[in-house]
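Me: I am new to this structure and would like to go through it step by step. Could you take my questions as they come?

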Amino acid sequence: LNQTMADKSPHPRDAVIVQAIRTPLCRARKGGLAQHPPATLLSTVLSGVLLKDPTQPNSDDNFLLSPSAIQDICIGNVLSPPTSAVSFRMAALSANIPHTTSLSTTNRQCSSGLQAVANIAHAIRCGSINVGIGAGVESMSANPMHELYEKFPPEVDWDTMQNCENSQEVMDCLIPMGVTS
């Protein structure tokens with residue numbers, strides 16, 4: 001049986017994207033958003049995604065969806081410090097999403113935002129939630145890749161890692177994402 005997506009009937013548990021917005025792309029450390037921490041960028045996007053028209057002010061008739069309808073949020077992120085989950089929770093609360101909405105973070109390197117969307121879609125498909133937000137946030141200004149391992153070196157036994165059978169591949173994990181992409 002070779003059924004295409006076009007032939008497939010809708011299912012009540014199908015996950016659909018009903019709104020998608022993003023912040024503008026800017027240059028790291030030089031762009032218009034360089035001084036804004038990731039949580040501020042996220043708060044702005046979370047506020048906007050709930051609106052029918054994100055360019056208009058918050059008003060009851062402009063809500064696409066009530067913030068209280070959001071059951072889960074997953075944020076994809078790579079470079080933020082260990083406290084980022086707290087910052088992202090604060091961003092959700094500042095976007096008027098209630099404290100009853102759960103929030104998690106995921107790190108899948110360059111596809112963290114996509115993984116966050118997939119996590120929410122999976123939760124909808126399996127019936128854990130009905131409505132969620134999958135998002136990604138990053139700031140190369142706040143967390144430059146070239147400083148990542150200086151600020152937060154991996155907690156490993158360096159002798160073991162550098163002297164194992166596949167040490168070259170192990171040590172290649174330290175190559176910054178900007179170089180590998």
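Me: Is Asn 96 buried or exposed?

Reply: Asn 96 is exposed, because its relative accessible area is 53%. Buried means under 20% relative accessible area, exposed over 50%, and partly exposed in between, with a 1.4 Å probe and protein chains only. Please note that this is a predicted model, in which local features need pLDDT of at least 70, side-chain atom pairs count only at pLDDT 80 or more, and totals for chains, interfaces and linings use all residues. Residues are numbered from 1 along each chain as its sequence is written, and side-chain values use heavy atoms, with hydrogens and water left out.

Me: Where is Asn 96 placed, and what is its phi?

Reply: Asn 96 lies in the loop between α2 and β2 (102-106). Its phi is positive, about 70 degrees, although Asn 96 is not a glycine. Most residues other than glycine have a negative phi.

Me: Which other residue has a positive phi without being glycine?

Reply: Gln 109 has one, with phi near 55 degrees. Gln 109 sits in the loop between β2 and α3 (112-125). It counts as partly exposed because its relative accessibility is 42%.

Me: How many helices and strands does the chain have?

Reply: There are seven helices and three strands. Helices (H or I, at least four residues) and strands (E, at least two) are DSSP runs, numbered from the N terminus. Along the sequence the pattern reads α-β-α-β-α-β-α-α-α-α.

Me: What does the chain span, and what share of it is buried?

Reply: The C-alpha trace spans about 60 × 50 × 30 Å along its principal axes. Of the 181 residues, 28% count as buried. The chain exposes about 11,800 Å², and carbon and sulfur atoms supply 54% of that area. Accessible areas come from the Shrake-Rupley method with a 1.4 Å probe, and for residues only the protein chains shown count as cover.

Me: Back to the helices: at what angle do α1 and α2 cross?

Reply: The axes of α1 and α2 (residues 84-94) cross at roughly 35 degrees and come within 8 Å. Axes are lines fitted to C-alpha atoms, for helices over the stretch in contact, and angles run from 0 to 180 degrees between N-to-C directions. The crossing is right-handed, a term used if the near helix is turned clockwise from the far one by less than a right angle.

Me: Which residues meet there?

Reply: Pro 38, Ala 39, Leu 42, Ser 43 and Leu 46 in α1 meet residues of α2, among them Phe 88 and Ala 91. Contact means heavy atoms within 4.5 Å.

Me: What about Asn 62: buried or exposed?

Reply: Asn 62 is buried, because its relative accessible area is 8%. It belongs to the loop between α1 and β1. Apart from neighbours within four places in sequence, Asn 62 is in contact with Leu 50, Leu 51, Lys 52, Asp 53, Gln 56 and Pro 57.

Me: And why does Thr 106 count as buried?

Reply: Thr 106 counts as buried because its relative accessibility is 16%. Thr 106 is found in strand β2. Not counting residues up to four places away in sequence, Thr 106 touches several residues, including Cys 74, Gly 76, Ser 112 and Asn 119.
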